[in-house]
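Here is a short briefing for a reader new to this structure. Take a look at the model, then work through the points by topic.

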Amino acid sequence: MPAGHGLRSRTRDLFARPFRKKGYIPLSTYLRTYRIGDYVDVKVNGAVHKGMPHKFYHGRTGRVWNVTKRAIGVEVNKQVRGKIIRKRIHVRVEHVQPSKCNEDFKLRIKNNDKLKAEAKARGEIISTKRKPEGPRPGFVVEAATMETVTPIPYDVVNDLKGGY
């Protein structure tokens, strides 16, 4: 029989619960607070069938645009032929987790603000822009001895006998 093209086709491993993570869903999943503008990762929980997004959105990162009682609206980018469309989907909280994609950026902002405050106290103006690492400084190799290496002529007859 030919393979089906249903809504959950080819999701046997995709939606399977991870090793030693089967069973009840932790309460922290339901007690987590999501706000509009937060980045979230869509990660389908195969144990909960309600509010499950399509398999395309599994593993995608999006922004929260709506919060309801049991679900949140997530805006995800989807490439359709040549253009990228912002799709708005509603997903239950079991299928969503807070994303860490923005953590480095937030940490950099915090560090930059601290550096700016320190510089302002000293009366200086500093640049917090990221700069590419330049070339390494040059150096001169000293006390290097030159050694001429000459190859040993290849002897076919001795090689066939078993070496020297």
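This is a predicted model, in which local features need pLDDT of at least 70, side-chain atom pairs count only at pLDDT 80 or more, and totals for chains, interfaces and linings use all residues. Residues are numbered from 1 along each chain as its sequence is written, and side-chain values use heavy atoms, with hydrogens and water left out.

**Aromatic rings and charges over them**

- The count comes to one aromatic pair. Rings of Phe, Tyr and Trp (its six-membered ring) pair if their centres lie within 6.5 Å; planes under 30 degrees apart are stacked, over 60 edge-to-face, and the rest tilted.
- Phe56 and Tyr57 make up the pair, edge-to-face, with 5.1 Å centre to centre and 85° between the planes.
- Tyr57 is buried, at a relative accessible area of 7%. Phe56 is partly exposed, at 22%. Buried means under 20% relative accessible area, exposed over 50%, and partly exposed in between (1.4 Å probe, protein chains only).
- Phe56 also has a charge over its ring: the charged end of Lys78 sits there, 4.7 Å from the centre. The rule asks for NZ of Lys or CZ of Arg within 6 Å of the ring centre and within 35 degrees of the ring normal.
- The ring of Trp65 has the charged end of Arg88 over it, 4.2 Å from its centre.

**Salt bridges**

- Side chains of opposite charge can pair when their charged atoms come close. Here the count comes to three salt bridges. Each needs a side-chain nitrogen of Lys or Arg within 4 Å of a carboxyl oxygen of Asp or Glu.
- Arg88 meets Glu75 in a salt bridge, at 2.9 Å from N to O. This pair links distant parts of the chain: Glu75 is in strand β3 (residues 71-80) and Arg88 in strand β4 (residues 83-92), 13 residues apart. Strands (E, at least two residues) and helices (H or I, at least four) are DSSP runs, numbered from the N terminus.
- Arg88 is exposed, with 51% relative accessible area.
- Arg92 bridges to Glu94, with the closest N and O atoms 3.5 Å apart. Glu94 is buried at 9%, while Arg92 is partly exposed at 22%.
- Arg122 and Glu124 form another bridge, 3.5 Å from N to O. Arg122 is exposed at 53%, and Glu124 is partly exposed at 41%.

**A buried loop residue**

- Asn45 lies in the loop between β1 (39-42) and β2 (61-67). Its relative accessible area is 5%, so Asn45 is buried.
- Leaving out residues up to four places away in sequence, Asn45 touches Arg17, Ile25, Met52, Glu94 and His95. Contact means heavy atoms within 4.5 Å.

**Surface patch**

- Leu27, Tyr30 and Leu31 form a nonpolar surface patch, with about 360 Å² of accessible area together. Patches take residues with over 30% relative accessible area and no salt bridge; like charges are joined within 9 Å, nonpolar side chains (Val, Leu, Ile, Met, Phe, Trp, Tyr) within 5 Å. Areas come from the Shrake-Rupley method with a 1.4 Å probe, and for residues only the protein chains shown count as cover.
- Leu27 is placed in the segment before α1 (28-31). Leu27 is exposed, at 61%.

**Positive phi without glycine**

- Arg10 has a positive phi of about 60° although it is not a glycine. Arg10 is in the segment before α1 and is exposed at 58%.
- Ala143, also not a glycine, has a positive phi of about 55°. Ala143 is in the loop between α2 (103-122) and α3 (156-161), exposed at 82%.
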